[in-house]
Amino acid sequence: KATTLASFYAVPAMSADAFGKALEASNASGAVKAKSIEDVTINGIAMKKVTSTTEMGEDKIHYLFDAKGSTIIVSVFLNEEAVFDRIFATITLR
């Protein structure tokens with residue numbers, strides 16, 4: 001059965017701090033907050049891992065990395081981290 005594990009976005013260069021602020025600004029109720037930003041390396045690619053709260057009270061994981069002049073944002077769907085992490089570990093840049 002098909003399922004969506006994550007969404008991928010390409011945006012002009014963006015810092016993890018700016019992304020966290022944009023997440024918070026996107027939610028008028030104030031429920032969404034950037035909880036942490038940490039440096040991670042996945043399959044040799046340096047990334048920022050942003051953990052945010054959600055309106056549902058669960059944490060959501062986002063990864064940011066730079067590629068070809070853009071920032072790639074990967075937002076993992078809730079409760080899909082375990083499956084997605086195994087797939088994401090195979091990512092490569094060309």
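The model is predicted, so local features need pLDDT of at least 70 and side-chain atom pairs count only at pLDDT 80 or more, while totals for chains, interfaces and linings use all residues. Residues are numbered from 1 along each chain as its sequence is written, and side-chain values use heavy atoms, leaving out hydrogens and water.

A search of the whole structure gives 3 aromatic pairs, where rings of Phe, Tyr and Trp (its six-membered ring) pair if their centres lie within 6.5 Å. Planes under 30 degrees apart count as stacked, over 60 as edge-to-face and the rest as tilted. One of these pairs joins F8 and F84, which is edge-to-face because the ring centres are 6.4 Å apart and the planes stand at 65 degrees. F8 belongs to strand β1 (residues 6-12) and F84 to helix α2 (residues 81-88), so this pair ties together parts 76 residues apart in sequence. Helices (H or I, at least four residues) and strands (E, at least two) are DSSP runs, numbered from the N terminus. F8 is partly exposed, at 49% relative accessible area, whereas F84 is buried at 4%.

Here F88 returns, in a tilted aromatic pair with Y63: 5.1 Å from centre to centre, with 45 degrees between the planes. Since Y63 lies in strand β4 (residues 60-67) and F88 in helix α2, the pair ties together parts that are 25 residues apart in sequence. Y63 also counts as buried, at 5% relative accessibility. Together, F8, Y63, F84 and F88 form one aromatic cluster.

Conventions
Buried means under 20% relative accessible area, exposed over 50%, partly exposed in between (1.4 Å probe, protein chains only).
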